[in-house]
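The following explanation accompanies a single protein model. Please keep the sequence and the coordinates at hand while reading.

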Amino acid sequence: MAVYIVRRFLYAIPVLFGVSILVFSMLLLIPGDPVSLMLSETSATSKAAVEAKRDQLGLNDPIYDQYGRFLKSVVTLRLGTSIQTNRSVGSMIRDVFPKTLELTVAATLLTFLIGVPLGVIAAVKQHSLLDTASMILANVGVSMPIFWLGLILIYIFSIKLGWLPVTAQKGADLKHLVMPAVSLALGGAGIVARLTRSSLLEVLNLEYVVTARAKGLSARVVVTRHALRNALIPVVTIVGLQFGSLLGGAVIVEAVFARQGIGAMAVNAIQKKDFPLVQGTVLVAAFAYVIANILVDISYAFIDPRIKYGER
């Protein structure tokens with residue numbers, strides 16, 4: 001198991017290196033002079049101010065020197081200084097990252113806890129009323145726009161019933177997470193439910209499951225102990241990919257519920273042409289996505305022991 005985990009992390013090194021190159025290239029690929037664009041949001045737009053800022057950012061140095069400094073800043077978690085606030089980009093991201101992580105973990109858990117049981121019920125009760133109802137609910141979840149669902153939840157549970165707060169207040173409990181997490185999770189839960197159903201139906205027809213039934217095992221034992229583990233591999237993949245993308249920034253939900261997360265910070269940085277902050281948020285989002293994929297790969301070994309021994 002340890003060798004398998006180490007190998008997965010080693011495979012990720014070239015990917016992370018490639019991500020750093022792409023993020024660094026943002027300034028090089030922007031049409032025109034990026035410094036002039038940055039300073040267009042301020043009053044300092046003279047040629048002297050532009051040259052001074054270029055010297056400050058080291059943009060007049062050779063490309064390899066610039067990338068070396070950028071890579072060092074990534075490794076040391078010092079991602080430069082924001083043009084707008086003059087604060088460290090790393091500290092700004094650290095301030096909002098826990099809020100995005102909190103929302104992402106809650107939404108991912110809901111996605112799994114809603115989608116998997118719904119898909120299992122639909123598969124076990126194939127062609128029944130429960131199957132039809134489960135798939136209708138799944139399709140409704142997939143079809144509803146996140147912003148629309150968020151506004152509906154606010155209207156019902158905050159404005160009309162007064163049960164849940166719209167935004168987190170100082171000293172608030174986890175109630176402030178319910179509506180954002182549900183808004184973010186339902187679409188993914190619908191996808192997970194449909195995938196769980198199709199994957200489980202395929203596994204239920206395999207020989208080892210038929211043999212387990214022939215031995216007289218109950219339907220619950222056959223499904224939970226024998227079929228579901230193999231059926232969960234594609235489901236875990238989808239949930240892991242969703243976790244990575246949500247951690248990168250649930251922009252719409254953060255906007256609807258006025259949450260200050262990485263997504264909202266990235267949008268504001270783009271609007272203000274604060275390219276160091278844009279680079280930092282994009283880099284964190286990309287790294288989070290890669291790490292989520294590594295964790296998904298590692299989870300395969302726990303779901304299917306054949307994977308860690310290289311049999312698949």
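Predicted model: local features only at pLDDT ≥ 70, side-chain atom pairs only at ≥ 80, totals over all residues.

Residues are numbered from 1 along each chain as its sequence is written, and side-chain values use heavy atoms, with hydrogens and water left out.

The protein contains 15 helices and zero strands; helices (H or I, at least four residues) and strands (E, at least two) are DSSP runs, numbered from the N terminus. Of the 312 residues, 42% are buried, where buried means under 20% relative accessible area, exposed over 50% and partly exposed in between, with a 1.4 Å probe and protein chains only. Among contacts with a separation of 6 or more, 72% join residues 24 or more positions apart; contact means heavy atoms within 4.5 Å.

Ser199 counts as buried because its relative accessibility is 9%. Beyond its neighbours within four places in sequence, Ser199 is in contact with Ala231 and Pro234. Met179 is also found in helix 9 and is buried, with a relative accessible area of 2%. Not counting residues up to four places away in sequence, Met179 touches Leu153, Ile154, Phe157, Ser158, Leu164, Pro165, Val166 and Phe257.

Consider next helix 10 (residues 207-214) and helix 11 (residues 219-247), whose axes come within 10 Å and cross at roughly 175°. Helix 10 is therefore roughly antiparallel to helix 11. Axes are lines fitted to C-alpha atoms, for helices over the stretch in contact, and angles run from 0 to 180 degrees between N-to-C directions; angles under 35 degrees count as roughly parallel, over 145 as roughly antiparallel, 65 to 115 as roughly perpendicular and the rest as oblique. From helix 10, Tyr208, Val209, Ala212 and Arg213 meet Val222, His226, Ala227 and Asn230 of helix 11. This contact comprises five nonpolar, two polar and one charged residues, with Ala, Val, Leu, Ile, Met, Phe, Trp, Tyr, Cys and Pro counted as nonpolar, Asp, Glu, Lys and Arg as charged, and the others, Gly among them, as polar.

The spaces within the model come next. On a 1 Å grid over the protein atoms alone, a cavity is a set of points where a 1.4 Å probe fits but cannot get out, and a pocket is an open set with protein on both sides within 12 Å along at least five of seven lines; lining residues have an atom within 4 Å of a point. There is one cavity of 30 Å³ or more. Its lining consists of Phe70, Ser73, Leu79, Pro276, Gln279, Gly280 and Leu283, and helix 14 provides the largest share, four residues. The second largest pocket is lined by residues including Leu79, Arg94, Phe97, Leu283 and Phe287. Helix 6 (89-124) and helix 14 each supply at least two residues of that pocket's lining, which divides into 10 nonpolar, one polar and one charged.

Finally, His127 lies in the loop between helix 6 and helix 7 (129-143). His127 is exposed, with a relative accessible area of 69%, and has a positive phi near 70°. Most residues other than glycine have a negative phi.

Terms used
Points joined across faces, edges and corners; volume = space filled by probe spheres on them.
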